[in-house]
Amino acid sequence: MNRHLTNAFRMLPAAAVLAAGAALAPAAHAAVPAAVPAVQFAAGPYERGPAPTEASITAERGPFAIEKIDVPAGSGAGFNKGTVYAPTDLSQGTFGAIAVSPGFVSPQALIDWYGPRLASQGFVVMTLETNSLFDQPAARGDQLLAALDYLTGKSGVRDRIDASRLAVMGHSMGGGGTLEAEKKRTSLRAAVPLAPWDLNYDWKNVRTPTMIMGADNDLIAPADSMAHSYYTGLTGVPEKAYLELRNAGHMTFNSPNTTIAKYAIAWMKRFVDDDVRYEQFLCPEPRPDNAVAAYEGTCPTG
């Protein structure tokens, strides 16, 4: 094990710092625009919501009103418990679903902010409390898949979900779990590992469109030896991207962040919903700026 990985393993437990969960502030229902036959004819079958803009994709809440539903322990097999955030308006059809895992010795509260941020853009989202705070990436990957199975199989929002359009996301060892989950279930439509940590570097069998995010000042899961290395190892994926945050550390992903949200939403919309309206945020590839230190990708479909 090289010096970077040794330091990362040593520092990982100490890095989990509890933070208050983001308060849920449901967005108001968006006004329904007048139908334009030519636009409706051209639209993809899974497009949800109005045409995106820079303002809409970076907003704290999207156009969909949502509800928050607690999922107590024992609700389903293979995972502990969690929280579901789901759009309440089914007039546009069903939605894709995303399961999100926290990192090592980190509670669900640290990744709760992704729930309303993504759900209000038109997804059913479940944030997880893992079986154990010490679960390794492979176990977290299994829990992400179990959460998706619960959502589509027996949850109270199963009728709002298109079971063919599922995705995973997670931070740190939850990011490693995201890679493990997509390696195991190649039918997943999208994945976004955030500052992923995993001792496994064999991702050649992954087929899911994947955006990996890292941070330039991450001492827990160094971007060069982990996030970027995993990205280069995705040799079987025709659609992939790597985004490195500037002046950011490992725990940056545990607080609301406009850059993280913008690109996660764009990636999920493009590949879970096949919504080409979001390609404008991925192509041409974003150039380095005050928020982005580096970006590589297939822009977005090779």
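How many helices and strands does the secondary structure of the chain come to? The chain has 8 helices and 9 strands, where helices (H or I, at least four residues) and strands (E, at least two) are DSSP runs numbered from the N terminus.

## About the model

This is a predicted model, in which local features need pLDDT of at least 70 and side-chain atom pairs count only at pLDDT 80 or more, while totals for chains, interfaces and linings use all residues. Residues are numbered from 1 along each chain as its sequence is written, and side-chain values use heavy atoms, with hydrogens and water left out.

## The chain as a whole

Of the 302 residues in the chain, 56% are buried; buried means under 20% relative accessible area, exposed over 50%, and partly exposed in between (1.4 Å probe, protein chains only). The chain exposes about 11800 Å², and carbon and sulfur atoms supply 55% of that area. Accessible areas come from the Shrake-Rupley method with a 1.4 Å probe, and for residues only the protein chains shown count as cover.

Contacts (heavy atoms within 4.5 Å) tell us about the fold too. Among those between residues at least 6 apart in sequence, 72% join residues at least 24 apart.

## The sheet

Let us follow the strands. An open sheet of 9 strands runs in the order β1-β2-β4-β3-β5-β6-β7-β8-β9, with mixed pairing; two strands pair if DSSP finds at least two bridges between them. At the edges are β1 (66-71) and β9, each of which pairs on one side only. On average, neighbouring strands of this sheet are turned by 15 degrees against each other, direction ignored. Axes here are lines fitted to C-alpha atoms, for helices over the stretch in contact, and angles run from 0 to 180 degrees between N-to-C directions.

Strand β5 (residues 161-171) pairs with β6 in the parallel sense over 5 bridges, and G170 has P193 in β6 as its bridge partner. Helix α6 lies across β3 (95-101), β5, β6 and β7 (210-215), and runs at about 145 degrees to β5.

## Salt bridges

There are 13 salt bridges in the structure, each a side-chain nitrogen of Lys or Arg within 4 Å of a carboxyl oxygen of Asp or Glu. One of them joins the side chains of D274 and R189 (2.8 Å, N to O). D274 sits in the loop between α8 (258-272) and β9 (292-297) and R189 in the loop between α6 (173-184) and β6 (190-194), so this pair ties together parts that are 85 residues apart in sequence. D274 is partly exposed, at 34% relative accessibility.

R277 and D275 also meet through their side chains in a salt bridge (2.8 Å, N to O), and D275 is buried at 0% relative accessibility. Another salt bridge brings together D202 and K204 (2.9 Å, N to O); D202 is partly exposed at 30%, and K204 is partly exposed at 44%. Finally, a network of salt bridges links D162, R165, K269 and D273.

## Aromatic pairs

The structure holds 10 aromatic pairs. Rings of Phe, Tyr and Trp (its six-membered ring) pair if their centres lie within 6.5 Å; planes under 30 degrees apart count as stacked, over 60 as edge-to-face and the rest as tilted. F64 and F95 form an edge-to-face pair, 5.5 Å centre to centre with 90 degrees between the planes. F64 lies in the loop between α3 (54-58) and β1, and F95 in strand β3, so the pair ties together parts that are 31 residues apart in sequence. F64 is buried at 4% relative accessible area, and F95 is buried at 0%.

The rings of W113 and Y114 have centres 4.0 Å apart and planes at 35 degrees, so this pair is tilted. Both W113 and Y114 are buried. Elsewhere, ring pairs link Y201, W203 and Y230 into a cluster.
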